[in-house]
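Reader: I am new to this structure. Please walk me through how to read it.

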Amino acid sequence: MVKVNLGGCSSFVNDADYKAYVEKSLAALEVLENETGAGNDFLGWKHLPSETLNGTLVSDCEAIRDLWKSKGVDLVVVIGIGGSYLGAKCALEALSHQFAKQLKNKGEAPEIVFAGQNLSEEYMCELMDLVQERNAACVVISKSGTTTEPAVAFRLIKKYIEEKYGKAEAAERIVAVTDKARGALKGLATQEGYSTFVIEDNVGGRFSVLTPVGILPIVLAGFDMNAMLQGALEMEKACAQPSEENPAVQYAAMRNALYNQGKKIEILVAYNPKLTFLGEWWKQLYGESEGKNGLGIFPASVNFTTDLHSMGQYIQDGERTLMETVVTVENSNRSMLIENDPQNLDGLNFLTGKHVEECNAMAELGTKLAHIDGGVPQISLSIERVNEYNLGALFYFFEKACGISGYVLGVNPFDQPGVEAYKKNMFALLGKPGYEEQAEALRARL
Ligand code: PA5
């Protein structure tokens, strides 16, 4: 369950303003529920938790996991970018042991590494160094099946896997997640006989974490996908309520009320490094959904207390266009006490008997009060602990709130026309057929 606490905004937004935005958010919710708004052909994500829990997708993914286990696969390269990357990356970072690579006992699940999320030659070469040492398999994810970054990475990995294991075995070690009919990846997968999972037309990339885009990597990494879907399901129900109690309505209303007062930048704050990629996933979700037509809250993210020592000064005292949304984790999954030291050379005996997490909680509280005093309103979203269930709840909560918030803002939260501009230029500069005229115009400007 995700609980919203708006107490940290009370000195910034008065009751009447908040209520006005709640009304707008409830109207936006109705549009979303009735599917009468802009982008309404991209609302397939709304019922994914309930639909997937009743379907066979998780067990189909488990079948791939078991097949690869029987082959001794110890490394899976997951290829994808943007919405075809960030959800799985976020989940794996949040749920994995942070030192899994360095631990002697690495557990049974294969190591998951990512590719196709950049175009760095060094990254690819270094990835190949690893792949060559290991018993590898590959999941290639692209809804359009034509995105350059993953396509380049896949061409390189495919060649290597085919050379090492032979074509027939490669076909058992490569799985494609893509559109059911369109795109080069679909054609290639059919031609090569790969197992394929479908990303439905009505789910956009950044809303796709609870499709096979996220589910397959999460299952392969050994995590409990059903628990994640149960957490998402709880929020599917909570975030459908046409009432002021709806947590997605509360969040959407307050962030828009703050935006209307000039708080143009929203910083997602976590006090647990495992949630770093929650910030990355959230930035894509909100940035791509809301940043259009000259509008939109700019989404940023930080990790505290780490970034209090780098960005803390600006947040406390820089230009007053900031709001913070803090993801509070109520309980740690692990326990460590600070013990008494008779010498007390470090002067830390005042912490004797306290848990490390209590220091973290006091840092969070102290920072909240300081930032509010400094003119930074704070929305608090709390979860009980970091686990599959609560991560699923967060994913769904943020998606629903994003749809509502985008409609309140007056944009279509489900398209992304702006991301095409760089692609056209890149294709032209790389000499893709059909882009000759554009290439000439661009070169003239360089
Ligand atoms: O949210 C989006 O639509 C984008 O971030 C896409 O997910 C990203 O561009 C990757 O696209 P594709 O899955 O088609 O390769």
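Author: Start with pairing: two strands pair if DSSP finds at least two bridges between them. Helices (H or I, at least four residues) and strands (E, at least two) are DSSP runs, numbered from the N terminus. In β10, for example, the bridge partner of N5 is S380. β10 covers residues 378–383, and three bridges join β10 to β1 in the antiparallel sense.

Reader: What should I know about the model and the numbering?

Author: This is a predicted model, where local features need pLDDT of at least 70, side-chain atom pairs count only at pLDDT 80 or more, and totals for chains, interfaces and linings use all residues. Residues are numbered from 1 along each chain as its sequence is written, and side-chain values use heavy atoms, with hydrogens and water left out.

Reader: Which domains does the assignment give the protein chain?

Author: Domain bounds come from an automatic or database domain assignment. Here the assignment gives domain 1 (3–36 + 228–415) and domain 2 (48–223). Their centres, taken over C-alpha atoms, are separated by 30 Å. Contact means heavy atoms within 4.5 Å. By that rule, 29 residues of domain 1 are in contact with 25 residues of domain 2.

Reader: In what order do the strands of the mixed sheet come?

Author: The order is β1-β10-β9-β7-β8, in an open sheet of five strands with mixed pairing. Its edge strands are β1 (3–5) and β8 (298–303), each pairing on one side only. For angles, axes are lines fitted to C-alpha atoms, for helices over the stretch in contact, and values run from 0 to 180 degrees between N-to-C directions. Neighbouring strands of this sheet are turned by 20° against each other on average, direction ignored.

Reader: Which strands does helix α12 touch?

Author: Helix α12 (residues 276–290) packs on the sheet and touches β7 (265–270), β8 and β9 (322–329). The direction of α12 makes about 180° with that of β8. Helix α15 (residues 388–409) lies across β1, β7, β9 and β10. α15 runs at about 140° to β10.

Reader: What is the strand order of the sheet with parallel pairing?

Author: That open sheet of five strands has the order β3-β2-β4-β5-β6. β3 and β6 (195–198) are the edge strands. The twist averages 20° from one strand to the next. β2 and β3 (residues 111–115) pair over five bridges, and V78 stands opposite F114 in β3. A crossover is right-handed if, with the strands pointing away from the viewer, the path from the first strand over the helix to the second runs clockwise. From β2 the chain crosses through helix α4 (residues 86–95) to β3, and this β-α-β crossover is right-handed. Five bridges also join β2 to β4 (residues 136–142), with I79 opposite V140.

Reader: Are the residues of β2 buried or exposed?

Author: Buried means under 20% relative accessible area, exposed over 50%, partly exposed in between (1.4 Å probe, protein chains only). In a regular strand the side chains alternate between the two faces of the sheet. In β2 (residues 75–79), five of its five residues are buried. L75, V77 and I79 lie on one side, V76 and V78 on the other.

Reader: Which residues touch the most other members of the largest nonpolar core?

Author: A nonpolar core is a set of buried Ala, Val, Leu, Ile, Met, Phe, Trp, Tyr and Cys residues joined through side-chain atoms within 4.5 Å. In soluble globular proteins, nonpolar side chains tend to be buried together. The largest core here has 102 residues, and W281, F397 and F398 touch the most other members. α15 gives the most to this core, with 13 residues. The core draws at least three residues from each of domain 1 and domain 2. Beyond its neighbours within four places in sequence, W281 has contacts that include L86, C90, V209 and F398. A second, separate core of 24 residues includes F154, I157, Y160 and L185.

Reader: Where does the backbone have a cis peptide bond or a positive phi?

Author: Most residues other than glycine have a negative phi, and most peptide bonds are trans. Here a cis peptide bond joins F304 and T305, with omega about 10°. T305 sits in the loop between β8 and α13 (312–317). E35 has a positive phi of about 60°, and its loop runs between α1 (15–34) and α2 (48–53). E35 is partly exposed, at 35% relative accessible area. N344 has a positive phi of about 50°. N344 lies in the loop between β9 and α14 (356–373).
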